[in-house]
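Hi everyone, thanks for coming. Today I'd like to walk you through some aromatic pairs and a couple of helix contacts.

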Amino acid sequence: MVKIANIGLGEFPLLLAPMEDVSDPPFRKVCKANGADLMYTEFISSEGLIRDAAKSIQKLDVFDYERPVGIQIFGSDIDSMREAAIVSSQAGPDLIDINYGCPVKNVACKGAGAALLRDVPKMVKMTEEIVKATHLPVTVKTRLGWDENTKYIVETAERLQDIGIQALSIHGRTRVQMYKGEADWSLIAEVKNNPRMHIPIFGNGDIDSPQKALEYRNRYGVDGIMIGRASIGYPWIFNEIKHYMSTGETLAGPTLEERVAVCRQHFTHSLEWKGEKLGIFEMRRHYTNYFRGLPYFKPLRMRLVQSEDIQEIYDTLEEIAQTMSYAELES
């Protein structure tokens, strides 16, 4: 049983990565229903939280059906991060996660996210203050280093554990790599196999199939896997990985009807949480992923992303199921 403090996650947990504009409550709900063991909110700005910015405050919403769930915060100022941890803890998550891995320019170039990989002493101090500020378990998500010359993750992991973090998720790239090239899990394995380490170590990067998940579990010995981009529009990946690991058999992919049903559920949750206008608008980024690879989808996709009418969107989703089914019968 893998545990973060007293939170049991099963023998080999699968985590949903915190992704900006993706890992919101509607998306987390469909991922939970399809096998995710631990999920995180979108990363939340510490400055936004302590200044009561509406968008940041809304991201604190967590629900009982998705537990265990963590709130992830990011920032460059130690005092602000400490205060943000206090605010986040009051929202009632199961843990607090710190983002030391986001590589995007508007985060890293402001001294937050992966930028802390260039100042490990500050990272350690910030983490220590957050651990002191909350009664909840604190975890960290980070990368191997800033660039090829600063891959200090083995030493950094020890220092973070020593000041009280309860788990560590590592993306197998540097900040300079962004999401290019292949993730290097060898250093993740080195962290896991370090005899000084006793907290769970989760690997992240490039896991896009049940076969790869099993291969990486066996090869690198991590305690669990964090999945990000491969889950977008495909929440079934969590249960598919679990099924393959337990049986050695590949679970059949979702039928067209199942794709439409889960997309419809996602859309409904989006409307419930965000309201009509924002729920319609922010769902548009997901349609292509739900129906990737399906023939004859383009004109229907255009209707989905252009419509501002709820019933029309539901009707179009139903039409997708019917149109594609007829196309398959004719072929």
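**Aromatic pairs and helix packing**

Let's start with Y220, which is buried, at a relative accessible area of 13%; buried here means under 20%, exposed means over 50%, and partly exposed is in between, using a 1.4 Å probe and protein chains only. Before I go on, please keep in mind that this is a predicted model, where local features need pLDDT of at least 70, side-chain atom pairs count only at pLDDT 80 or more, and totals for chains, interfaces and linings use all residues. Residues are numbered from 1 along each chain as its sequence is written, and side-chain values use heavy atoms, with hydrogens and water left out.

So what is the arrangement of the rings of W185 and Y220? Rings of Phe, Tyr and Trp (its six-membered ring) pair if their centres lie within 6.5 Å, and planes under 30 degrees apart are stacked, over 60 edge-to-face, and the rest tilted. By this rule there are ten aromatic pairs. For W185 and Y220, the centres are 5.8 Å apart and the planes sit at 40°, so this pair is tilted. W185 belongs to the loop between β9 (167-171) and α8, while Y220 is in helix α9 (residues 210-220), so the pair ties together parts 35 residues apart in sequence. Helices (H or I, at least four residues) and strands (E, at least two) are DSSP runs, numbered from the N terminus. W185 is buried too, with a relative accessible area of 1%.

Next, F267 and Y314: their ring centres are 5.2 Å apart with planes at 65°, so this pair is edge-to-face. F267 lies in helix α11 (residues 256-274) and Y314 in helix α15 (residues 310-330), so parts 47 residues apart in sequence are tied together. F267 is buried at 0% relative accessible area, and Y314 is buried at 13%. There is also one aromatic cluster, formed by Y234, W236, Y290, F291 and F297.
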